[in-house]
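Subject: Structure handover and backbone notes

Dear colleague,

I am passing on the structure below, together with some notes on its backbone and its strands. Please read the notes with the structure open beside them.

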Amino acid sequence: MSHYESSKKISAEEATNTILGFAKALEPERVPMLQARGRVLAKDIASDIDIAPFDNSAMDGYALLASDTANASPEHPVSLRVVGAIGAGSVFSGTLQGGQAVRIMTGAMLPAGADAVVMIEHVELVDASLQKPEGVQIILTKRAESGLNVRLKGEEVCCGEVLLGAGTVLTAAGIGLLAATGNTHVELIRRPRVAILSTGSELVDPGELPEPGKIRNSNCFSLSAAVSAAGGEPHILGIIKDDKDEICAAVQKAVAAHDMVLISGGAAGGDYDYGYQVLSELGTVHFRKINMRPGKAQTFSIIDDTIVVGLAGNPAAALVGFEVLLRPALRFMQGYKKIKRPITKARLAADTFKPDSRRFYIRARVEYDKETGEHVVAPEQHQSSALLGAMQNANCLVVLQEGLTGSLKNELVTCLRLDIDEGVVI
């Protein structure tokens, strides 16, 4: 349909922002609460009851009237008569009167008339026995304030009030709040369905022993894991041979059933690299080259309103491209407000050279140095875009901006953290 000027290289920011410009927040879906952790609420959540549903005790102790203890002191102890015991789930019948106390367990409903709970460790029991462990009387030598150790009705939320707003990312505590408020199912922003396919006649499946000239397909599986880590729903479509018609048919089928399509390989300009041709014929190509290393050749297109990206064929380059370009878009599509990885500034430990004008993304490990009070980052060995070992060992990407040249040892550099989720303050 549309051809992009193939010689033009754009910056990584331009590429990321271009993709984000076409990314759309997906529609809600109704999900059981146990599947909701880490996902984004599409609608406000209200409670069907007060939380707490009644005034209750925060401690094991004795419920009483605080006014009865107004003058309590070691010199003038106060004695109260024990008139009952309440376990969690039980209810005290009647109203507590002045001069009385009730043994109460944590979580039990406060008896009518009581307004304070004194911990069991802070009272002296009179005539306690196996038959009557709560005792006949208690003696107090310290004043108890009204509200002491009492959880009030509606302290968390009142019936009908919004407890969790749309856009909230649910944590384990959030799941507990859903359960407490009767929300067994919730409306969440749908996870993006992402099709993943690899092009290349040299590829074989992981379970197959490669013959001479063949290599195992790793990209489908590493990209699938990256999509899952970003919250997406990966669908591996497998290997497509270097045949233009086969690639075209596979892309059309993937576009029809997915929110995003990732194609590894075929993005460069080789004789058998048909990715760009297919994407430009089926849709509109918005960029083809990025001023970055690894991953200069990466194609972004829109086909029938679906994001389709041709990533580099080299495994490390494909993962770096995903991390820089696509993870933010996938998070945006799921309704996350924080879509960018945290940044750490660190001293570069190695004598690293930057030989050209592209932006480099170096696989590295950053650690905090207690002696200097700074973060120090060391590049991994074997930075080849074809090798995954450095990416496996890395916890960050060192970003070396365009225009830098020569040795950069001891320079303060930017580290894009791969080990810390978006929105985490470091």
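In what follows, a residue is called buried at under 20% relative accessible area, exposed at over 50% and partly exposed in between, with a 1.4 Å probe and protein chains only. This is a predicted model, in which local features need pLDDT of at least 70 and side-chain atom pairs count only at pLDDT 80 or more, while totals for chains, interfaces and linings use all residues. Residues are numbered from 1 along each chain as its sequence is written, and side-chain values use heavy atoms, with hydrogens and water left out.

Most residues other than glycine have a negative phi, and most peptide bonds are trans. Against that background, Asp304 has a positive phi near 50° without being a glycine, and at 62% relative accessibility this residue counts as exposed. Asp304 is placed in the loop between S21 and strand S22 (306-311), where strands are DSSP runs of E with at least two residues, numbered from the N terminus. Asn149, also not a glycine, has a positive phi of about 55°, but counts as buried at 18% relative accessibility; its place is the loop between strand S10 (137-140) and strand S11 (150-151).

Two peptide bonds deserve a look as well. The bond from Ile51 to Ala52 is cis, with omega near -5°, and Ala52 lies in the loop between strand S3 (45-46) and strand S4 (56-57). The bond that joins Arg293 and Pro294 is cis too, with omega about 0°, and Pro294 is found in the loop between strand S20 (292-293) and strand S21 (297-303).

Turning to the sheets, two strands are said to pair if DSSP finds at least two bridges between them. Six strands form an open sheet of mixed pairing, in the order S8-S5-S7-S6-S10-S9, and the edge strands, each pairing on one side only, are S8 (116-119) and S9 (124-126). In this sheet S5 (residues 61-64) runs antiparallel to S8, joined by four bridges, with Tyr62 opposite Val118.

Strand S25 (residues 359-369) is joined to S20 by two bridges in a parallel arrangement, with Arg359 as the bridge partner of Met292. S25 also runs antiparallel to S27 (residues 396-400), through five bridges, and Tyr361 stands opposite Val399 there. Six bridges join S25 to S26 (residues 374-379), again antiparallel, and in their hairpin, which has four residues between the strands, Gly373 takes a positive phi near 75°.
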